[in-house]
Amino acid sequence: MEKSNDSSEYGFILVGFSDRPRLEMVLFIVNFTLYSVAVLGNATIILVCILDPRLHTPMYFFLANLSFLDLCFSTSCIPQMLVNLWGPNKTISYAGCVVQLFSFLSVGGIECILLAVMAFDRYAAVCKPLHYMVIMHPQLCVRLVALAWGSGLINAIVMSPLTMTLSRCGRRRVNHFLCEMPALIKMACVDARAVEMLAFTFAILIVLLPLTLILVSYGYIAAAVLRIKSAAGRWKAFNTCSSHITVVSLFYGSIIYMYMQPGNSSSQDQGKFLTLFYNLVTPMLNPLIYTLRNKEVKGALKKVCGRH
């Protein structure tokens, strides 16, 4: 048996889409364009939220954090993928794989919890409008964001070393375009059930529990909206939440669909595209969703650009 640290000496080979050379060039162009739009869009949202005093509210504090996470999420793997798509070299160093896995686990976990925090914020805005600023005071907002960051980082601190230290008996080929935890666990030549069970436990706490809180929050919001008698009032309440509902649907929908797929080769290809979707397409769409459906953000953008 070869030493389990072979990969630490030679790194890994990211298989990605290397079995489809023509697709690789198309993906390079598409992904480079989407990544550029994602970086520009999210950086703009962060800048606008900082520069415009009218956006110094809980909702936009959370939105700026979401945009920062989306930047980190995409940047953790897309530049490396673009390098691999461009040429014949598909390798990634062991250190690069560690950084990618840690970033992916931490930022993904933080974003799941932050989306639940944003749902609670929308619940307070719609269901408790008169007490909104009392409930969502600055100290609570900072604590909620700190909770999201702390939870995501704990997930990464625990799972990254456990995943990377699994014996792989010299196996270096990762059947993905990034160092994703399930793909790395599948490479193990030892019994990895304990690691898989721990990963499943963290998934319940970091993915399913926040999703449950989001659904409960929107259950209360829906009940409150139905009690509003005027059509204008109902539309205003719906418009307050529509952007967040869209973002949650895109993010959670792709994750849930991907992890419900069977383990055959066609579903593995689907898994790669779905990972690409919530790692690149969703971060690219989020700024557009919040900008196009939000008069305050559009107004702030015009002000920052010098248009009144």
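What is the handedness of the disulfide between Cys-97 and Cys-179? It is left-handed, because the torsion about the S-S bond is about -120°. Keep in mind that this is a predicted model.

**The Cys-97 to Cys-179 bridge**
- The model holds two disulfides, and one of them joins Cys-97 to Cys-179 with an S to S distance of 2.0 Å.
- This pair links distant parts of the chain, 82 residues apart.
- Cys-97 sits in helix H5, which covers residues 94–127, while Cys-179 is in the loop between strand E3 (173–174) and helix H8 (181–186).
- Both Cys-97 and Cys-179 are buried.

**The Cys-169 to Cys-189 bridge**
- Cys-169 and Cys-189 form a disulfide too, with their sulfur atoms 1.9 Å apart.
- Here the torsion about the S-S bond is about 75°, so the disulfide is right-handed.
- Cys-169 lies in the loop between helix H7 (138–164) and E3, and Cys-189 in the loop between H8 and helix H9 (193–227), so the bridge ties together parts that are 20 residues apart in sequence.
- Cys-189 is partly exposed, at a relative accessible area of 25%.

**How the bridges pair up**
- Number the bonded cysteines of the chain in sequence order and you get the pairing 1-3, 2-4.

**Cysteines too far away to bond**
- Look around Cys-72 and the closest cysteine sulfur belongs to Cys-77, 12 Å away, which is too far for a bond.
- Cys-72 is partly exposed, its relative accessible area being 25%.
- Cys-77 is buried, with a relative accessible area of 0%.

- An unreviewed UniProt entry places the feature "transmembrane region" at residues 25–50, 62–86, 92–120, 140–158, 197–226, 238–260 and 272–292.
- Residues 92–120 are 93% helix and 3% strand in the model, and the end C-alpha atoms of that span lie 40 Å apart.
- Residues 140–158 come out at 100% helix and 0% strand, with 27 Å between the end C-alpha atoms.

Terms used: Residues numbered from 1 in each chain as written. Predicted model: local features only at pLDDT ≥ 70, side-chain atom pairs only at ≥ 80, totals over all residues. Heavy atoms only, no water. UniProt positions renumbered as here; feature names shortened; annotations may be inferred. Helix = DSSP H or I, 4+ residues; strand = E, 2+ residues; numbered from the N terminus. Disulfide = S-S within 2.5 Å. Buried < 20%, exposed > 50% of the residue type's maximum accessible area, 1.4 Å probe, protein only.
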